[in-house]
Amino acid sequence: MHVAGKKQMDEFIFARVLHVLSVVLWIGGVAMVTTVLLPVLSQTKTVSERMVFFERFRCRFAAQARYTTLIVGLSGFYMVHVLDAWHRFMLLNYWWMHAMVLIWLVFSVMLFILVPLAKRRQLLEVTEQSLVVSEKAFVKIQRMHWILLILSLITVAGAVAGSHGWLMFGV
Ligand code: HEM
């Protein structure tokens with residue numbers, strides 16, 4: 001580790017605290033949407049009613065997730081820099097480092113590019129009330145959330161195990 005003194009060590013630990021707190025808020029929110037909100041919504045009468053509610057919920061969550069993903073990314077790359085751990089991206093037993101960056105990229109593209117684009121299109125073309133989607137599209141949204149949640153949880157498990165010394169695939 002490239003740790004010069006106690007001050008840098010404390011800064012590193014602070015970055016780790018921020019990193020984990022932001023991950024908890026962000027992935028915890030994804031877990032809530034996937035395991036509670038979407039199943040409850042799927043029992044709501046019409047698909048368009050569900051989508052109106054879901055869109056409102058998602059807007060609020062997206063606003064907060066933008067901050068948490070930003071903090072996760074900044075604290076994460078800061079830790080890679082302090083640990084001088086760039087070489088890990090070349091090693092298979094650090095698969096959880098790749099997984100962290102991948103999950104972060106997927107969410108960042110969604111939050112900072114796809115959601116704003118979709119919102120703009122929506123504002124131009126239709127009002128919220130006329131949002132019509134098929135039952136099939138709603139099932140697809142649910143499936144997407146499950147996939148992202150499972151991948152995120154595998155990443156969290158791998159990152160906790162790996163950063164505390166349990167490296168799979170030998171070495
Ligand atoms: C740009 C994206 C990211 C980077 C560069 C990054 C980088 C890092 C680094 C360098 C560490 C410390 C590793 C060590 O001590 O050996 C770490 C720990 C960790 N990261 Fe990330 N990370 C990123 C995104 C994520 C995401 C998206 C998640 C969750 C899905 C996540 C969850 C964790 C967890 C749970 C730990 C372990 C903390 C601990 O047990 O002390 N990270 N990350």
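The ligand is surrounded by 24 residues, counted as near when the C-beta atom, placed from the backbone, lies within 6 Å of it. The closest are G76, M79, M100, A159 and S163. Two or more shell residues come from each of α1 (6–41), α2 (47–83), α3 (95–125) and α4 (135–163). Helices are DSSP runs (H or I, at least four residues), numbered from the N terminus. α2 gives the largest share, seven residues. By class, the shell holds 16 nonpolar, seven polar and one charged residues. Here Ala, Val, Leu, Ile, Met, Phe, Trp, Tyr, Cys and Pro count as nonpolar, Asp, Glu, Lys and Arg as charged, and the others, Gly among them, as polar.

This is a predicted model: local features need pLDDT of at least 70, side-chain atom pairs count only at pLDDT 80 or more, and totals for chains, interfaces and linings use all residues. Residues are numbered from 1 along each chain as its sequence is written.

Now the packing. α1 and α4 pack at about 145 degrees, with axes 10 Å apart. Axes are lines fitted to C-alpha atoms over the stretch in contact, and angles run from 0 to 180 degrees between N-to-C directions. On the α1 side, V23, I27, V30, A31, V33, T34 and L38 meet Q142, H145, W146, L148, L149, S152 and V156 of α4. Contact means C-beta atoms, placed from the backbone, within 7 Å. This contact has 10 nonpolar, four polar and no charged residues.

A65 touches W26, G29 and L111, leaving aside residues up to four places away in sequence.

Note on methods. Two residues are in contact if their C-beta atoms, placed from the backbone, lie within 7 Å.
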